[in-house]
Each structure stands twice: as structure tokens, then as C-alpha cells.
Amino acid sequence: MKKISIKIGLLFFCLIFMMEVCLFFLLHQKIAHSRIAEELSALVTRGNNHRDVLETYYNDETIHHIALMEVKSDTEVVITNNQGEIIISSTDINNQMHQLIKTEKKEMSRNGKIIENNWQDKPYIAAVTPFETDIDSGFVYMFKDTRQVKELMQQLNRHFLIAGIATAIVTAFIILILSRIIARPLIKMKEATKKLSKGKFSIQLENSSNDELGELADSIQSLANELNHLKTERNEFLASISHELRTPLTYIKGYADVAKKDHISMTDRVNYLNIITEEVTKLTTLVTELMELAQLDNNTFTIQKQWFPICDSLKKISTTILPSFQESGITLRMICPENYQILADPIRFEQILINLLDNARKYSPRGTITTVKVKKENADIKISIQDEGKGIPSKDLPFIFERFYRIDKSRSRELGGTGLGLSIVKELVDAHHWKIEIASEINKGSTITITAR
């Protein structure tokens, strides 16, 4: 009973079987009542025919002929006069017949009537028809043994039983096939979820339906793809962390060991200590950025919004970052209307802009221009940072905000980045409920646009 196909099959079979039993019962009752009604109607009709013959040719020969006819049929006839005296009978009269003949007949219709229709408990069903001639008048009684009716009903019951069993077998077979067809995608989904629970995320569910099962299959496939991506991202993250920590630690240990030697000159020792200080600074930056990302992931990173002029913040940022641009030979332009206000966390806003500008500086050659432009569209403030750098390949654009993702991994140490700057920017933008987009062309530069709502 653990298989869903069996459960579905049993459920459908029980429901359909109950419906079939009800329908068969109603149909049986309808046919049984119709057959009994036909037998009773035939009995009345036969009595009426004998009446018509008696009223037309009333004599002893006719009366004997009617009795003789019924001897050779499955019915019996009894003809009486108005006083209840039996004129003739096609069979011996028993007590049941006497009781029916003695039944009081009130308001007798010329077309006759049924005087006994209880075929289940009585030995006979019976009808009576009055006749009237110039010579005599009386009644024609027709009797039929209920054993014949019961045999007819038993035969009908056998036919219904055979039909019911055949229908149940066919229904069970059809439901078994249908339940397997319905359960097959569910079984595949169960196997897929088992693989997911064991950490096997590379699954592929075939889906050709547009119903709820198809939507469930799409959801499981999306979950598997997301988990597979997260697994890959986690592995790359751990590998990147190991690399980012191991490299500066190797430098620190190596130069510290050299600096401890006695024969090293003071100039070299100071130079080695400066290198150690630079590597420690990089490690500190890396750890700080990782802590910021961890706080953002755990929703413990507070954003304190307030209204402030954008241009004042951009001037402050320009003062901070301009020396590094000048040293790199890159021109920094700021285009900002004086009257624009923005609702944001001032410290985090500066952090976003500094990260984006520092990233633009690293990937732009000397003699180029980086432009920061602020404009208003309806109720939105759009801030764009446009550089004239090397650009980003289209295949890398979907992953540019992922942690430790670098386009040119061979130059990571040379550029001095940790690969976390844009990830922090994305998290901070999301924390403000803003939107960030990037557009880029190879050898023409990139444009990052923040939409503040």
C-alpha cells in the first residue's frame, strides 16, 4: 500500500465500483419492474381476449376450447358465474386460487384488473376480467405460477451478475493502466527528490504536460538546477577563499622567515616588513568584506535611511577616490543636478559608489574617462557609472555579481581585488530595495546603473 499507483488505483476503483453498483441496482430494478409489469399486462390481456370470445360465442364448446387452450400454455384459466360458481377450469383448483376467486370485486372495470401481483411471496399472480352475455355473466380468472416469474428474475440476476463481474474486471484493468500512467511522473519525481536528498543535483525531469504535475516537475527541476548551482558556487567559494587566504599567508610567512635572518640588511628587512604589512592589509580587507557579506546573509546588516543631497555625497566620494584615479591616469567626471535628494543610508551609499568606481578604475586603461551621472526618471533616481575600459564578455554578465567571480582570473593578484566588491554592492543595493543593471561591450566599456525608488 506504499505505492501511490496502488493507492490511486484503489481509490478510483472504489469510487467507480460504487457508482457501477448503484447504476446496476437501479437498472436491475427498472428492468425487473418492467418485466413483472409486462407479465401482469399480458395476463390481463389474455383474460380480455377470452372474455371477447365468450361474449361473441358463448356456448359449452367455446368454454371447453378456452380451457383446453390454457392447458397447453403456461397460464391457467378459471371461469365462474356471478355467484362464484366455477363453470370450468384448466387445472385443479387449490386453496390459493379459491381465496383469490372469493376476493370481493368492487367497481370492476370491463378491461379487468390485477388481483394478485406479489410474485415474490405468493404462488400465483392473477387477473380477473368480467364478461356478460344474454345467457350468463361472470368472471374470467387468469393465473400464472410465480415460479416461472422467479426463474425469469433469477436468469435476469445471473445476467446482471455476469455483466457486473465483467465490468468490474474491465474497470480494474483500465484503472490499473490509468493509475500507472498518472503515477509514472510522480514516481520519477520521487526518484528525483531522493537523488536531491543524497546531494545528487544533476537531474533532468522530462515534462510534456501543462497541468499541476507539469508545474510540480518544473518546480523540482528548478530546485535541482538552483541546488546544483549553489553547490558549484559553494565549491568555487571555498576554493577562492582558500586561494585568497593561502596566497597572502604564504607571502607573510616567507618574508617573515627571511626578515628574521641576521645577515639581512635593514633596508631589505624594512622592505620585507612593508610587504608583510600590505599582505596583512589585504587579509584584513578580505575578512572585513566576508564579515559584511555574512551580516547581509543573516539580515543583521542594518540600513539606516535618511534624505540627503546626492551631489554633496558624490563630492565627498570624489575627494576620497580622485587621487587613485589621477595616479592611474583616468579622468573622473561627476554630472549631478544640485537639487536631487535621495533616501538612503549615507555610509552604505558611499560604500556602493566607491566599490563601483574602484572597480571601473581597475579595468580601465590610462587616458580614459569614467563618468558618474545622476538623472531623474519619473519618481526614480538613476545613478550610472560609465567607464571606457576593456568591457565584459556577454557570457560573464549573468555572474558578475557573484562572490569571487573574476573575468580575468590570471590578473587577480595584479589588480589587487578580492572578487567580493561587486557582491557587496549587489547585497547593499538589494538591502535598499533598489535595482542594479549592467551593460557592457568588449573594448568599449561598461555602464552600471542603479535605480533608486
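This is a predicted model: local features need pLDDT of at least 70, side-chain atom pairs count only at pLDDT 80 or more; totals for chains, interfaces and linings use all residues.
Residues are numbered from 1 along each chain as its sequence is written. Local features need pLDDT of at least 70, side-chain atom pairs count only at pLDDT 80 or more, totals for chains, interfaces and linings use all residues, and side-chain values use heavy atoms, without hydrogens and water.

Let us start with the sheet. Strands here are DSSP runs of E with at least two residues, and helices are runs of H or I with at least four, numbered from the N terminus; two strands pair if DSSP finds at least two bridges between them. Five strands make an open, mixed sheet in the order E7-E9-E10-E12-E11. E7 (331-335) and E11 (435-441) are its edges, each with a single partner strand, so one side of each has no neighbour in the sheet. E7 and E9 (residues 369-377) run parallel, joined by five bridges.

Within E9 you will find Thr371. This residue is buried, at 17% relative accessible area (buried means under 20%, exposed over 50%, partly exposed in between, with a 1.4 Å probe and protein chains only). Among the residues Thr371 touches are Arg333 and Ser384, where contact means heavy atoms within 4.5 Å.

Now for the rings. Rings of Phe, Tyr and Trp (its six-membered ring) pair if their centres lie within 6.5 Å; planes under 30 degrees apart are stacked, over 60 edge-to-face, and the rest tilted. There are six aromatic pairs by this rule. Phe139 and Tyr141 have centres 6.3 Å apart and planes at 50 degrees, so their pair is tilted. Tyr141 is buried, at 1%.

Note on methods
Lists of a residue's contacts leave out its neighbours within four places in sequence.
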